[in-house]
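Colleague: Hi, could you walk me through this one? I'd like to hear about its charged pairs and its helices.

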Amino acid sequence: MESITIPGTDLTPSRVGLGTWAIGGWKWGGADDANAVRTIHAALDRGITLIDTAPAYGFGHSEEVVGRALAEYGQRDKVVLATKTALEWQEGSDGVVRNASAARIEKEVEDSLRRLRTEAIDLYQIHWPDPRVPMEETASAMQRLYRDGKIRAIGVSNFSAEQCDAFRRVAPLHSVQPPLNLFERDAERDIIPYARREGLVFLAYGALCRGLLTGKMHADSAFTGDDLRQSDPKFQSPRFTQYLAAVEALTQLARERHDKPVLALAVRWVLDSHPNAIALWGARRPDQVTPLDALDGWSLTASDLRDIDAIIDEHVTDPVGPEFMAPPARED
């Protein structure tokens with residue numbers, strides 16, 4: 001497994017990280033904790049050393065499962081444990097709102113440390129910027145946690161370059177986390193060039209575009225319960241047909257040129273296009289991490305990259321981003 005050093009730290013995680021939103025159950029049709037623990041162990045066995053979670057993933061449940069899995073597995077010192085802060089929910093609520101106040105951050109870090117069963121969080125990230133809280137307050141709270149040793153590195157998620165600059169006037173910043181995959185590339189216009197220019201690592205979330213790029217979706221795929229894909233515009237007609245056609249063509253390219261599944265091509269694209277990237281791979285069953293074996297020993301050529309772009313341009317005539325996932329700010 002390839003690895004990368006997070007500048008300004010002694011953290012050297014794998015360039016593929018395990019994303020654990022689905023493990024929390026919320027917005028993914030429920031949780032299966034035993035399977036989730038086996039999934040985390042399978043990922044660690046295959047060389048993944050970064051696990052990315054958040055309190056909002058199942059209202060604390062994902063963190064609890066990650067903490068249990070690491071306690072059972074051991075070797076905590078070899079794992080880069082990343083979680084987030086600055087979203088809040090009310091008991092019985094089906095949603096979250098942004099809250100990057102110092103009080104919220106200071107409460108959340110203690111809750112996360114307890115759920116994760118760890119003495120320090122390796123990478124602590126502001127989940128979403130909060131327009132109702134001054135950036136100085138948010139950054140100062142993170143700086144205090146960093147100074148006190150409760151966190152080992154500071155990151156932000158879903159921030160613009162301008163917001164990162166404002167944050168860095170108060171506190172150090174080691175990483176950013178934008179959405180990025182073959183179908184969602186808006187981050188390449190702003191935050192990814194910024195990260196490269198400023199020497200920051202970026203964690204690309206949604207590398208498989210909520211399952212679209214696994215190659216296992218089909219026209220009659222159904223999403224039930226609270227599955228967020230019921231409200232994802234990519235999974236609604238007529239766009240769903242366009243994206244499926246693109247996946248079919250990408251599958252053919254991956255198979256004919258590299259004898260690899262389209263899933264491996266999608267993750268390889270993130271890694272090969274951006275040397276400072278970590279691709280987050282969401283999984284909740286052990287068999288979903290098996291394709292990790294197909295990532296090593298090859299890379300995409302310049303010709304591959306051009307043809308991938310041409311396929312997407314041809315088939316996806318009405319593209320849409322991941323904006324539907326953005327949580328609201330708090331009301332007065």
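Colleague: How many salt bridges does the count come to?

Modeller: The count is 28 salt bridges, each one a side-chain nitrogen of Lys or Arg within 4 Å of a carboxyl oxygen of Asp or Glu. This is a predicted model, where local features need pLDDT of at least 70 and side-chain atom pairs count only at pLDDT 80 or more, while totals for chains, interfaces and linings use all residues. Residues are numbered from 1 along each chain as its sequence is written, and side-chain values use heavy atoms, with hydrogens and water left out.

Colleague: Thanks! What does Glu-184 meet in a salt bridge?

Modeller: Glu-184 meets Arg-210, at 2.5 Å from N to O.

Colleague: And is Glu-184 buried or exposed?

Modeller: Glu-184 is buried at 4% relative accessibility, and Arg-210 is buried too, at 8%. Buried means under 20% relative accessible area, exposed over 50%, and partly exposed in between (1.4 Å probe, protein chains only).

Colleague: What about Asp-307, which residue does it form a salt bridge with?

Modeller: That's Arg-257, with the closest N and O atoms 2.5 Å apart. Asp-307 is partly exposed at 26%, and Arg-257 is partly exposed at 41%.

Colleague: Switching topic: which residues of α3 make the contact with α4?

Modeller: Ala-102, Ile-105, Glu-106 and Val-109 of α3 make it, contact meaning heavy atoms within 4.5 Å. Glu-106 also meets Arg-144 in a salt bridge, 2.9 Å from N to O.

Methods:
Helix = DSSP H or I, 4+ residues; strand = E, 2+ residues; numbered from the N terminus.
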